[in-house]
Amino acid sequence: MQTVQRSPLLPRLLRVRPGGLAPIIALLAVLLILVAVRQSDFFAPPSLMSFLGRSAPIILLAAGQYFVIVSGEFDLSVGALVTAQVVVAARLIDSEPARTWPVVVLLLGFGALVGLVNGVITTRLRVPSFITTLGMLLILLGAVYLWSDGAPKGGLSDEFRRFGRWAFEDVPVLGRVPYALIVLLAFAALAVLVARSDFGRTLIAVGDNPRTAELSGVRVWRHRSIAFVLSGVAAAVAAILIGGYSGVSFQAGAGLEFGAITAVVLGGVALGGGRGSVVGAMLGALTLELLFALMNFYGVSGALRSTVQGAIILLAVAVSAPRSSSR
Amino acid sequence: MSALAFRPTRWAVPGVFVALALTLAIGWLVVLIDGGQLFNQSTTVSLLHVAAGLGLVAVGQTLVILGGSLDLSVAYVVSLSTLLAAETMNGSDAALLPAIGLALTVSAAVGLFNGLLVTRLRINAFIATLGVGLLLKGYLDNGYDGPAGATSPTLVQTLGYQRIGPVPLSFLLLVAVAGVVWLALARTRFGHHLVAVGGDPEVARLSGVRNDRVLVTAHVLCSLCAGLAGIYLASRLGSGAPRVGSEGLYDLESIAAVVIGGTALAGGRGGVLGTVGGVLLLASIDAIFNQLEVDAFFKQVIRGVIIIAAVAVYARRALRKGAA
């Protein structure tokens, strides 16, 4: 599949290293300048902190999605998984504070289990992950609607909701630091550590050329399955934050899978695997969120948002995508 | 992705028809025990109507998937086409042909745009067509709150509701379109080139195939099929519906139908016959569950399981063939 192509001199000079961080940082900088021009008080600690807190779930999902995509697969089920988690949490907790921690543990386990099922079906049964996770999406949404007869039941305890909605007050300089931001920083650090570990590097090799990796003694199926588990756990954490921040609804996770995949691609990770960094993926998510904030500031009507989003994605990917990513 | 998967296939009867026959037999029996009748006039008609709408989209989707591409924008093309057709007709028969022409032209233009993004700018098809879908979604969300326009009465009476025995005209349209696409794949240079490009783009290019031109054509044809599905839906609904495509999940369902029909998602292997089988299978499951009055959400769970199971079976068979 891989062929060495000699490229003309000019594009070679202009081209940035594929999978590098330069394009996403440039895009982020442009958006930051546009925000600064329009709404300079956005950078005051209180609004900046709450923006970062709000962006935490999609950044976490992008980090989880990174591991799956860099290994050469897709995870379309994360949006449905978030919805399922939020609805399940509400029903199980049923506004009882004492049940908070067991349910949190249960959700993390549930996320890991869904990821494991995705991974094993994809790798052992050789079903393309697009289909596996599409099927999982239908199963999760159908099951969760079925289980709750079409309307979410129960409620989240305040204990549960504090992760997504409370903040440390009166922090020097920063003012109000949302719990979500702390959770984000902790998991982001963890994601970077995992990506830099032996496992993370091997995963990139698996995505780049599974056959070579296999022949070099890597258990490809095991690595890919673990990547799916990581994505499932990330979805669980994101669900806990989203449930806390915006409450229980069947729309809680709608469209998040496409958001996360977009963010990862914006961050310079090649669909098809083998190239990219988890930091890029998370910056991609941050860029996407900043884009939405910017559209708010410029008064773009809610309905037109997807048009602007689509245009930006196409532009950014066309300009920065590595030239070999077309299938 | 493995090299084992790329083997030339003959036009054998795809396994999906075995699954379809089994499903119908078991479904008929279960519905009978339940005290109903699966093959009465009204169920058959509604089954074929469901199959016609999804089928038109899925036949087009087959072409791009065979070429190793993908189209996630079809759902929005369907909605856009219902609106263009219904608003141009505006309830009269006079503008029937211009309306159909306009809807198909715009659809083809979207396909051309998709194709150029994928080939010229080398954007991954998943992202390119997702982006184009978002562009269209924004236009639809911004311009329309609900149904708009009115379909010409003649079109409603013919394409929408006319049938020959239990077979709706729209299903015959699907059969005709699928037949044309089958011929194009089996007998024309374009068809052979498309399969070659999907199988291995590099080898195809070195053999003198103009990959870009073939893929752009496939994308245009795919969007045309989605546009045709939109015109059919407009004739069923009597007006343009800005969300009929996305709420009907035509993007993901059409891809599911294609792969259930035995076409490899990676491209280069499969055919349109299997896709029609996949569409009929999905529509039959719908019909059986409707007869049994099974919960709609349970239906969705079963649908997810079937999609995964079907593809797992194909993957096993491909593996065995490769090993043999």
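Select the stretches of chain A that an unreviewed UniProt entry annotates as "transmembrane region": residues 21-39, 51-69, 76-93, 99-120, 127-147, 177-195, 226-246 and 278-297. Such positions follow the numbering used here, feature names are shortened, and annotations may be inferred rather than shown by experiment. This is a predicted model, in which local features need pLDDT of at least 70, side-chain atom pairs count only at pLDDT 80 or more, and totals for chains, interfaces and linings use all residues. Residues are numbered from 1 along each chain as its sequence is written, while chains are lettered from A and ligands numbered from 1 in the order in which they are written.

Then take residues 278-297 of chain A: 100% helix, 0% strand, and end C-alpha atoms 29 Å apart. Helices (H or I, at least four residues) and strands (E, at least two) are DSSP runs, numbered from the N terminus.

Display chain A as a whole to view its 14 helices and two strands. Its C-alpha atoms fill a box of roughly 65 × 50 × 40 Å along the principal axes.

Finally, show chain B as well: 41 residues of chain A are in contact with 41 residues of chain B, contact requiring C-beta atoms, placed from the backbone, within 7 Å. On the chain A side, α6 (129-147), α12 (256-266) and α14 (305-320) each supply at least two residues. Of the elements there, α6(A) gives the most, with 13 residues.

How values were computed
Contact = placed C-beta atoms within 7 Å.
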